[in-house]
Amino acid sequence: MDRTGKIGIAFAIIVLVGWQFYYGKQMEKARLEQDAAALNAPAASPEAKPADAVKLAASPIAPAAAPAPAPNVSAHSSSKVVETLASAEAEWVFTNLGGGLERVNLLKHKSEGDQPVVLNEFGGIPIGALTEGFEATVLEPYQMEVAADRKSVTFRRTDPRQFVVEKRFSFSKPKEEKGAPLEYLMDVEVRFSHTGTVPVTVPSYAMRVGSAVALHVKDQELYTGFNRSNAGDSKFTGVSWFSNSGILGMGKTPAVSADSGEIRWAGVTNQYYATLLTPVGETAAEALARRFSVTAEQWNVGGRSASGGAVPMAVDGALRYPVAVLEPGKEIVHKLSLFAGPREHGRLQDLGGGQEAMLDFGWFGFVSRALLSSMNALKGVLGSYAAAIIVLTLLIKTLMWPLQNKATASMKRMQDLQPKMTALREKYTNDPQKLNVEMMALYKKHGVNPFAGCLPMFVQIPIFFGFYNMLGKAVELRNSSFLWAHDLSQADTIAIVAGFPINVLPILMAGTMFYQMQLTPKTGDPMQQRIFMFMPLMFVMFCYNYASALALYWTVQNVFTIVQLLITNQKKTQGLQTVVSGGRK
């Protein structure tokens with residue numbers, strides 16, 4: 001591999017490692033600024049946490065005209081009342097304060113302490129709550145009625161402006177035209193009705209989407225944020241974007257993200273889970289989001305621990321509908337689809353509104369999607385995601401075997417030309433143009449392509465970053481184990497020594513990569529070779545605290561390449577011995 005190839009590949013890795021370092025510094029800076037602001041802010045009541053702006057209103061609202069309360073009907077009350085609807089996959093916990101979904105417990109997805117993953121766990125604002133304000137919200141009490149079959153729940157209240165608000169949440173029904181991800185779906189219907197004699201104004205309500213936060217203190221916060229589709233253009237605002245102070249006061253971002261237009265869907269997400277609201281048959285006028293702090297005491301509930309890192313920041317969002325005039329005897333109805341579950345590509349795609357774009361696999365998205373489909377298919381056959389990754393890696397490397405052999409042969413020819421190339425460099429030290437001409441003539445004379453040795457690495461770059469983006473967002477890997485690695489979506493830490501985690505797979509990756517480089521024919525001048533030997537260290541920095549599945553993939557491909565090089569080198573040695581012994585005869 002020549003200088004251009006080595007420098008290009010090394011530069012790509014250095015840029016990515018540098019970005020990770022820069023991002024970490026920026027996150028820490030933003031956190032310190034927020035903590036300082038919190039210390040200077042006036043104290044708030046415990047219930048004022050979204051977390052500090054939510055007020056539980058005990059307003060004198062007249063009860064709506066409705067049947068007399070039955071055992072499963074709660075009357076208007078400023079006291080909190082909860083009801084749970086259960087499915088095979090999740091528990092949907094509703095509250096009368098705000099009239100919405102307080103949280104969703106994903107029964108088949110485990111978090112720390114072997115507890116179910118909880119969506120909308122922090123912030124205190126129910127999914128589906130209607131608030132006139134976004135930063136300072138009021139959660140009005142609703143009358144709550146649960147259907148006898150426990151498949152739906154209905155909320156009612158009468159606004160002081162004398163229109164009735166009714167919200168109904170129900171489990172989605174199967175659609176004949178396609179298989180929808182029903183286990184994580186609910187239908188939502190919001191109805192404003194007016195029985196008076198004069199028109200009334202329905203304010204510009206913000207319908208809350210819920211909140212999201214990283215699952216672990218060591219998760220990268222770049223995956224936590226707010227997604228929305230504006231006129232079909234998918235956008236993402238990460239949690240680190242909010243209240244960014246910018247550089248020298250320039251580029252400062254506000255505390256709230258507001259995106260106006262034709263909002264087709266919006267949701268909050270962490271690395272692996274999301275809640276999404278999708279208007280049906282219409283669009284919302286605005287998408288809103290902000291971030292908030294989660295205290296260590298709140299975080300530690302449920303068996304989690306804040307040790308080993310700062311408590312992550314959270315984000316909550318909303319869809320806003322425009323002001324509307326409600327005529328006497330008329331109704332305004334908004335229908336929405338609510339998704340609360342894992343960010344599996346197939347499930348999001350089945351929602352039918354382009355929601356799979358929130359996975360954002362990046363430049364090599366087509367590679368990531370192909371790898372994800374292949375990995376899931378292999379898992380279905382092998383029964384293990386670790387085995388699927390290993391087999392998928394072996395298949396890819398097998399397909400690249402001829403290309404790798406040609407590259408190795410080209411690099412060997414380049415190695416044989418090193419003495420002549422060194423002589424040319426010494427001869428034309430002060431004439432770079434003449435040196436390039438003579439070098440090209442030398443390559444042409446001996447039939448050497450200086451870029452041939454780089455080709456396998458350049459082919460692997462899209463595959464590596466395809467794996468990188470896919471494995472970092474594949475919820476399927478959560479709690480999937482491999483030998484000592486209990487969770488392939490996390491680093492495979494086996495011990496912590498003096499505060500430093502010992503992760504085995506990245507170390508094995510670096511060791512196999514170093515040995516592979518020893519077997520590879522040496523090209524370039526000695527200084528380039530010494531610089532290139534730092535590649536294993538850069539890869540360790542890049543992968544050390546990332547999903548262990550990535551280190552597993554790279555280690556397996558290193559071992560495969562080592563075996564291939566040993567076989568190739570052995571064949572060349574045997575061929576040379578045959579030639580020598582034949583010459584003696």
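1. A residue counts as buried under 20% relative accessible area, as exposed over 50%, and as partly exposed in between (1.4 Å probe, protein chains only). By that rule, Arg 347 is buried because its relative accessible area is 18%. Glu 183, at 27%, counts as partly exposed.

2. A note on the source. This is a predicted model, in which local features need pLDDT of at least 70 and side-chain atom pairs count only at pLDDT 80 or more, while totals for chains, interfaces and linings use all residues. Residues are numbered from 1 along each chain as its sequence is written, and side-chain values use heavy atoms, with hydrogens and water left out.

3. Arg 347 and Glu 183 form a salt bridge, 2.9 Å from N to O. The term means a side-chain nitrogen of Lys or Arg within 4 Å of a carboxyl oxygen of Asp or Glu. Arg 347 is in helix α3 and Glu 183 in the loop between β11 and β12, 164 residues apart. Helices (H or I, at least four residues) and strands (E, at least two) are DSSP runs, numbered from the N terminus. The whole structure holds 18 salt bridges.

4. Asp 316 deserves a look. It forms a salt bridge with Arg 208, with the closest N and O atoms 2.8 Å apart. Asp 316 lies in strand β20 (residues 314-320) and Arg 208 in strand β14 (residues 206-213), so the pair ties together parts 108 residues apart in sequence. Asp 316 also meets Arg 290 in a salt bridge, 3.0 Å from N to O. Arg 290 lies in strand β19 (residues 284-292), so this pair ties together parts 26 residues apart in sequence. What are the relative accessible areas? Asp 316 is buried at 4%, Arg 208 is buried at 1%, and Arg 290 is buried at 8%.

5. Lys 167 lies over the face of Tyr 142, at 4.6 Å from the ring centre.

6. How many aromatic pairs does the structure hold? There are 17. Rings of Phe, Tyr and Trp (its six-membered ring) pair if their centres lie within 6.5 Å; planes under 30 degrees apart are stacked, over 60 edge-to-face, and the rest tilted. Tyr 184 and Phe 339 are edge-to-face, 6.4 Å centre to centre with 70 degrees between the planes. Tyr 184 is in the loop between β11 (164-171) and β12 (185-193) and Phe 339 in strand β22 (residues 331-342), so the pair ties together parts 155 residues apart in sequence. Both residues are buried.

7. Phe 464 and Trp 554 make another pair. Their ring centres are 4.9 Å apart and their planes at 75 degrees, so the pair is edge-to-face. Phe 464 is in helix α9 (residues 455-471) and Trp 554 in helix α13 (residues 548-584), 90 residues apart. Phe 464 is buried at 3% relative accessibility, and Trp 554 is buried at 3%.

8. Arg 150 is not a glycine, yet its phi is positive, near 55 degrees. Arg 150 is partly exposed at 35%. Asp 360, also not a glycine, has a positive phi of about 45 degrees. Asp 360 counts as exposed at 52%.

Note on methods
Lys NZ or Arg CZ within 6 Å of the ring centre and 35° of its normal.
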